[in-house]
Amino acid sequence: GKKLGYTFNNRNLHNVSLGQGQEVVAEQALDLAAKEGHWVILQNIHLVAKWLSSLEKQLEQHGEGSHQDFRVFISAEPAPSPDSHIIPQGILENSIKITNEAPTGMHANLHKALDNFSQDTLEMCTRENEFKSILFALCYFHAVVAERRKFGPQGWNRPYPFNTGDLTISVNVLYNYLEASSKVPYDDLRYLFGEIMYGGHITDDWDRRLCKTYLEEFIKPEMLEGELLLAPGFPLPGNMDYNGYHQQYIDDALPPESPYLYGLHPNAEIGFLTQTSEKLFRIMLEMQPRDTSMGEGGVVTREETVKALLEEMLEKLTDEFNIAELMAKVEERTPYVVVAFQECERMNVLTGEIKRSLKELDLGLKGELTMTSDMENLQNALFLDMVPESWIKRAYPSTASLGTWFADLLARIKELEAWTGDFSLPSAVWLAGFFNPQSFLTAIMQSTARKNEWPLDKMTLQCDVTKKSREDFASPPREGAYVHGLFMEGARWDAQTGIITDARLKELTPAMPVIFIKAIPADKQDTRSVYPCPVYKTRHRGPTYVWTFNLKTRENPSKWVLAGVALLLQT
C-alpha cells in the first residue's frame, strides 16, 4: 500500500492490494494521484464490499478538477453468481471494462500453465532431468483438471477453483523435495499435490479419487524411462529448454483437442454439448410471449393450455395410499415392508401437494380465488413444461421435463401399488422407482443379517450383473434381490464377457442388464479386477450419490476413473 519508487510509462504508480485495512491507504493514494497525475491500481476490490460505496463517491469527486493524467485501474475476481455482483453501477458505467477469460482447450491451457515459469526455473534444480519431467507433468495435470470442468458432472462432480497458485506452489514444493532427497519421493509428492495443494479445494470423495488417479498416472518412476504417455499419442517430453517445450513440443506433438486428452470417451463431449443446447433452448422458450397462436383458426391462450394440462393430470392421479389399511394386511414388518411403507408415505406427501396446488390453480383460473405468486409460478411452470418448485421439494431428484416427469411418477405409483398388493418382493425391483434407493439396498443387508445372524456393520453388498433382462425373471431370488433400470455413463457393459468395456460412439447411457444384489460378510468380498463404480440418481451426480457397486474389469480400474464411469438410475 506504499507509493512505489519506480515509474511506469513516465507515470508514478500507486499499487494497493485491498483487504486487511488497506482502504485508508487506497483513499490517500487516490487523493495524491488526482493532484499529481499519477496512476493508481486497486487490486481485489471484491474483498472490501462495504467500502465500495465510499470508493464510488471518491471517484465521482475526482472526476472533475483532477489532473488530466490521473488514471485508476481496478481489478476483482469474477462473481460466482449474479447475486454476488457487488461493484456499484456508477463505477461500472464510468469505466472501460476488460475481462481476462480463462483459456479454453488443452493446447491453450498447457501453454498458459507453462507460462508461469521460465528458462531460469528449469535450470534452478540440481537434478535437472527429474525436475523438468515432473514440472511438465504437473503443467499437463494442471491443464487437465482446469479444463475438465467443461464436461460438467462427468468431468467433476462439483466445480473447483483450481488456480495458477496451486501449480506454482507445487513446483516450489517439488524443488525443495528434490534438493533434499537422494531419491525422487514419488509417494510424498503425489500426496502433497493431490491431498493438499489441489486436494485442498476438493470436497467430494469421488473427485478426490479422480485427482489422485491422475497423479498416479502422470507422476511415477516410468516417467524417467521414456515410457510415460500423458494422453494417447502424447508421451512425456525428454530434456528440452523452455522454448523447446512451448514451440517444438506442445505446438507440434500435442494431438488435436478431444476428450481423449482428459481420459474421457468422445461421448462425454456429445453429452456436454447436448446439455448446453438444451439449456439454451430452455432459456429461449422462457423468453417467448405468453400467448401462442395456433394457425389461423384463432388463439389458444396460455390459461387454456394450462387448464387442459391440469385437468388431465388430476384425472390421471390415483387416490393416496391408505397406510392404516396396508398395515393391517401385514403380519410381519420385515425390512422390505418398512421400505414399502416409507415409500407410500412419501408418495402420499408428493401427490397430495400436486392435487392441492392444481385444484387451487384451477379455482384461480376460474376467478373463484385471487391469484397468488405461488399460483402464478405453478402456471408458468406448467406452460413451460417444467416441474413446479413446490413439487420438486417433495419429490426425488430428476432432470426430466414435466411431461416425462409426470409419466415417470405414474409408473412409480403403479410399481408401488403392485408391491403393496401382497407385499411380496417383485421378481425384479425397479431401483430408480424409489424416493430413497439406499433404504432398499440397506434392507437387503438387514434381511440377510437377520436370517444368518450376522453383524450388520460387518456386511457389504455384492453385485453380479446377469445376462438377462427384466422379463426373464418370474420370481425373486431366495436371498437378495434382482434390480433393473440402471444405465452406464462413460462406458458400457459387455454382457457376453461380463466386464466393463469402451462405450460405442453416440450411445451416451446404454442400459444395464438386470443386476443380482446380495449381502455378504465384508471379509469375503473379492476386490481383485473390479472397478468401484459410484451409483447416482441422475446425471447431475454430486449430491445424488446412492451406493458403490463393484463391477468386473480386465483393464486397469484407473481407466474407468479417468473416464468418469458411473451408473445412473435416470438418464
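User: What should I know before I start reading?

Analyst: Residues are numbered from 1 along each chain as its sequence is written, and side-chain values use heavy atoms, with hydrogens and water left out. The model is predicted: local features need pLDDT of at least 70, side-chain atom pairs count only at pLDDT 80 or more, and totals for chains, interfaces and linings use all residues.

User: Which residues of helix H2 are buried?

Analyst: An α-helix has 3.6 residues a turn, so residues three or four places apart point the same way. Helices (H or I, at least four residues) and strands (E, at least two) are DSSP runs, numbered from the N terminus. Buried means under 20% relative accessible area, exposed over 50%, and partly exposed in between (1.4 Å probe, protein chains only). In H2 (residues 52-62), Leu52, Leu55, Gln58 and His62 are buried. Seen down the axis, they fall within an arc of 115° (taken from the directions from the helix axis to the C-beta atoms), so they line one face of the helix. On the other side of H2, Lys57, Glu60 and Gln61 are exposed.

User: And how many salt bridges does the structure hold?

Analyst: Side chains of opposite charge can pair when their charged atoms come close. A salt bridge is a side-chain nitrogen of Lys or Arg within 4 Å of a carboxyl oxygen of Asp or Glu. The structure holds 22. One of them joins glutamate 128 and lysine 132, with the closest N and O atoms 2.9 Å apart. These two are four residues apart in helix H6 (residues 128-147), about one helical turn. Glutamate 128 is partly exposed at 32%, while lysine 132 is buried at 4%.
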